[in-house]
Amino acid sequence: MSLHTQYLESFLRSQFYMLRMDGPLPLPYRHYIAIMKLVKTGENNWSLPELVHAVVLLAHYHALASFVFGSGINPERDPEISNGFRLISVNNFCVCDLANDNNIENASLSGSNFGIVDSLSELEALMERMKRLQEEREDEEASQEEMSTRFEKEKKESLFVVSGDTFHSFPHSDFEDDMIITSDVSRYIEDPSFGYEDFARRGEEHLPTFRAQDYTWENHGFSLVNRLYSDIGHLLDEKFRMVYNLTYNTMATHEDVDTTMLRRALFNYVHCMFGIRYDDYDYGEVNQLLERSLKVYIKTVTCYPERTTKRMYDSYWRQFKHSEKVHVNLLLMEARMQAELLYALRAITRHLT
């Protein structure tokens, strides 16, 4: 995160406030929830402020797990090492080099073929698609009916985007070597199988949609969370706005590039995976800008972060700098947190009314 200092300051302020400053929950409860990310083991008679505090902590650490695992730092088991873990390296490129923002181009997987063109052509093709979409947007806007159809199509397709450890999404050998042997944490939790589930079953005709205009963070979630857990709403809002608007106007070696379209596609695709739709957004742009390998990476990072491997991290946008990919992960993290908060705060609002 230190590669993006403005965002880091905002992130640390909000995290410090959640864990250390005055709030509805006692300090031990906060840290227990942060470690376990599990509220159901607590007492049943929580007040609404305590519940909101717990929900914010849960959403924060669920999203933070996506960022941590998504940055290509996942260790893998090595019985020859005393502590059982070693850093993954690919083609003599160690993840410790990432801290210095070494160009990940050196880590390209020469022995693997992900079915995409070389990284330079990939970058040029992406920029050309951005330019074409901008021209099309200026010429003629899609109708509401067409945008709704495109959202439903993208939403259904997201259910079939498999996570990174499902080998049939790529050639069998591509991710097989990167499988992570996770430690046994079952002794600490009541239900080891508890985890992410798609918001709808595959094959369902009518998938549920959360219309963002009916319950927005700006108009509804912010005021509720601030009323029940004072000041945290301002800190979260600052963080959401910071990451959404953060830009250096660069794409790999190119400068003076407006990346708004790309940033919005990344943010809105995460929400789309959770069934959240923005009426004023054309989801056709998601399909044009986000390639298949990137969608697999996004779903894995967002929904199954512990399955993310460095090979997956390297497999998309190979011409981009590490700092730019960290920027992507910041967007995914905050989009994932906001999606969880929207569902939880909407449920609390309905309970209150």
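This is a predicted model: local features need pLDDT of at least 70, side-chain atom pairs count only at pLDDT 80 or more; totals for chains, interfaces and linings use all residues.
A salt bridge, as the term is used here, is a side-chain nitrogen of Lys or Arg within 4 Å of a carboxyl oxygen of Asp or Glu. Good morning, colleagues. The structure holds 15 of them, and I shall discuss a selection.

Arg132 and Glu136 join through their side chains in a salt bridge, with an N to O distance of 3.9 Å. That value falls within the 4 Å cut-off. Both residues belong to helix H4, which spans residues 119-139, and they stand 4 residues apart, about one turn of the helix.

I turn now to Lys239. Which residue forms a salt bridge with Lys239? The partner is Glu334, and the closest N and O atoms lie 2.9 Å apart. This pair links distant parts of the chain: Lys239 sits in helix H8 (residues 232-245), Glu334 sits in helix H13 (residues 322-352), and 95 residues separate them. Are these two residues buried or exposed? Lys239 counts as buried, with a relative accessibility of 1%. Glu334 is also buried, at 1% relative accessibility. Both are classed as buried because the term applies under 20% relative accessible area. The side chains of Lys239 and Glu334 also make a polar contact, at 2.9 Å. Leaving aside residues up to four places away in sequence, Lys239 touches Tyr7, Ser10, Phe11, Ser14, Glu334 and Met337.

The next pair involves a loop. Asp280 forms a salt bridge with Arg264, and 3.4 Å separates the closest N and O atoms. Here too, distant parts of the chain are linked: Asp280 lies in the loop between strand S8 (276-277) and helix H10 (284-289), whereas Arg264 lies in helix H9 (residues 260-273), 16 residues apart. Asp280 is exposed, with 52% relative accessibility. Arg264, at 25% relative accessibility, counts as partly exposed.

Finally, I draw your attention to a network. Which residues are linked in a network of salt bridges? They are Arg211, Asp214, Arg277 and Asp279.

To close, let me return to the pairs. Arg132 and Glu136 both lie in helix H4, while Lys239 in helix H8 and Glu334 in helix H13 link distant parts of the chain. Thank you for your attention.

Note on methods. Residues are numbered from 1 along each chain as its sequence is written. Side-chain values use heavy atoms; hydrogens and water are left out. Helices (H or I, at least four residues) and strands (E, at least two) are DSSP runs, numbered from the N terminus. Buried means under 20% relative accessible area, exposed over 50%, partly exposed in between (1.4 Å probe, protein chains only). A polar contact is a pair of N or O atoms within 3.5 Å; within protein, one must be able to donate a hydrogen and the other to accept it, and residues adjacent in sequence count only if both atoms are side-chain atoms. Contact means heavy atoms within 4.5 Å.
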